[in-house]
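This report goes through one protein chain, part by part. Look at the structure first, then read on.

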Amino acid sequence: MSEVKVPEMGESIVEGTISKWHVKVGDSVNVGDVLAELETDKVNIEISAEQAGSVEQLLRGEGETVAVGETIAMIGSGAGAAAPAPAAAAPISPFNDPAAAPAPAAPVAPVAAPVAASTPAVDVAATPAARKLARERGIDLTQVQTLDPMGRVNQGDIQAHASGAKAPAAAPSAAPAAPAPAPAAATEFGKPVERRKMSRRRVTIAKRLVEAQQTAAMLTTFNEVDMTAILEVRKRRKDAFKEKHDIGLGFMSFFTKAVIGALKAFPLLNAEIQGEEIVVKQFYDIGIAVSAKEGLVVPVVRDADRLSFAQIEKSIADLAGKARSNTLGLNDLQGGTFTITNGGVFGSLLSTPILNAPQVGILGMHKIQVRPVAIDDTRMENRPMMYIALSYDHRIVDGSEAVRFLVTVKALLEDPEALLLEG
C-alpha cells in the first residue's frame, strides 16, 4: 500500500485546497493517472498516482486545506482486489465512497451503514479540525449550527453541539428530514441570499491587495496619450506583421517597450524595498495583469527589454492562454519588477491601479476614446485619446519622478520612432 501525499510546490507555498477528486474508493488507477486537483494561492496543480493499484481511502475531502507532505489518500496494490476490505474502515472517513459501505451485509453494526451513507450526501463547509472532532464524537455535520458569517463549521461549533445535544437516536429514519436549518441567511437579512465560499486564490488576492494598501505609501498620477501615431502604424503594418510573425500587432508591445524606456530613465520605479535598503533591479521582467476565471493573475514576461515586438506579443498571448486554462506554473508568476494592467479591455475610462507588492510601480491603461483635443490656439481635432495612470510607492519614488516617468511613457507612445530607438 502506498500513500498519496501533497507534493512540494515551491518555496512560498506550504498548503493548498483540494478542489476536486477525480477518483473514488475502489477505482483502479495506473501510474500517472490524475487523482485530484489542488488549488494553491498562485496556481492549480494536479496530483497524480505514483503507483498502480486501487484507491482504498480518501483521507481528505473536497474543499479541505491540506499541507505539503500530508497524506490525503491510500492506494493498495492490485486492481480492485482490496475493494471488499475497506468495508470495515469506511466509517472512519466520511470521504470514502458510500458504495463501498453496503458490501458487508451485517457483520458488525447495521446502524453504522445509514450514517455513513447519508454523511457524504450533503457538502458541509467545515474546518479540518471540526471534521476530525465530529468523526471522533459521531456527530452529523449537517445537524451542527454555526455562527460563522461564511457558514463554515468550526471546532467550537462541534463542542457546543456536543454539550447541548439531546441525542435523538430513537428515530433514525426521521433524521434525514432535519437538514432544513438552511434559512440561517434568511433570518439574518429577511430576504433570500446566496452564500459562496471564496476560492483560495480569491482569498489570497484580497489579502495581498489590502496588504499593499496598508504597507505602501501609494499615490497615483495621471496623464493622457494621443494614440493617433500608434493606430496609424498598426493600420499600415498589421497585415505584414501578422503574415511574418503569425501574431497580431497589439497595443501591449508598444506599452511594454515604452515602460522599459521610462524605467531605464527612472530606475527607482524598477526597484523594491527590503528593510532599510532599496534594491534597484537592472533587468526588466514585466508583469502583465490577466483576468482569469479564478481572479486576476499577473504572469511575467522575462527580459522584456531583449524581446522584439513580435516576441512580446507572443509571450503575452501564451501567458494569457495559460492563465485562462489554469496551466500557469510558479515560474510564470514569480519575480516581476513592474506591472502593466489594462482595464480598457473592459471599458474602463479611468482607474487607480493597486501596487503588485513588492513592486513599487504599476501602469494602468484605459479605453481609447475619440474626443476633441486642442491642437493649438486656433484649432481643435477629434483624436483617439487614452488616459494612463501610474500608481507608485511614495516611500522611495518622489512625486516629480513619478510624473516625469509618466510623461516619458506618453512621449514614447506618441512618437513610435523614438519608441523603437529608446524602448
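## Exposed and buried

A residue is called buried when its relative accessible area is under 20%, exposed when that area is over 50%, and partly exposed in between. By this rule E194 is exposed, because its relative accessibility is 60%. R196 is exposed as well, since its relative accessible area is 63%. The side chains of E194 and R196 meet in a salt bridge, with 3.1 Å from N to O.

## The chain as a whole

The model is predicted. The protein chain contains eleven helices and 19 strands. It has 423 residues, and 39% of them count as buried.

The accessible surface of the protein chain is about 22700 Å², and carbon and sulfur atoms hold 54% of that area. Among contacts in the chain with a separation of 6 or more, 64% are between residues 24 or more positions apart.

## An open sheet and a helix across it

Strands of a sheet pair through backbone hydrogen bonds, and the pairing can be parallel or antiparallel. In this chain, four strands form an open sheet with antiparallel pairing, in the order β5-β4-β2-β7. Strands β5 (44–48) and β7 (65–67) are the edges, as each of them pairs on one side only. On average, neighbouring strands of this sheet are turned by 45° against each other, direction ignored.

One of the pairings joins β2 (residues 15–21) to β7, in the antiparallel sense, over three bridges. E15 stands opposite A67 in β7. Helix α5, made of residues 200–215, lies across β2, β4 (34–39), β5 and β7. The helix runs at about 150° to β2.

## Salt bridges

Side chains of opposite charge can pair when their charged atoms come close. How many salt bridges does a search of the whole structure find? The search finds 15.

One of the salt bridges joins E224 and R371, whose closest N and O atoms are 2.8 Å apart. Is R371 buried or exposed? R371 is buried, because its relative accessible area is 16%. E224 is partly exposed, because its relative accessible area is 28%.

Another salt bridge joins E381 and R379, with the closest N and O atoms 2.5 Å apart. E381 has a relative accessible area of 27%, so it counts as partly exposed. R379 has a relative accessibility of 37%, so it too is partly exposed. Both residues belong to a network of salt bridges that links D226, D376, R379, E381 and R383.

## A nonpolar patch

Which residues form a nonpolar patch on the surface? They are F222, L349 and L350, and together they have about 260 Å² of accessible area. F222 is found in strand β9, which covers residues 218–226. The relative accessibility of F222 is 39%, so F222 counts as partly exposed.

Note on methods. Residues numbered from 1 in each chain as written. Predicted model: local features only at pLDDT ≥ 70, side-chain atom pairs only at ≥ 80, totals over all residues. Heavy atoms only, no water. Patch = residues over 30% accessible without salt bridge, like charges linked within 9 Å, V, L, I, M, F, W, Y side chains within 5 Å. Areas by Shrake-Rupley, 256 points an atom, 1.4 Å probe, with all protein chains shown as cover. Salt bridge = Lys/Arg side-chain N within 4 Å of Asp/Glu carboxyl O. Helix = DSSP H or I, 4+ residues; strand = E, 2+ residues; numbered from the N terminus. Buried < 20%, exposed > 50% of the residue type's maximum accessible area, 1.4 Å probe, protein only. Pairing = 2+ DSSP bridges. Axes fitted to C-alpha atoms, helices over the stretch in contact; angles between N-to-C directions. Contact = heavy atoms within 4.5 Å.
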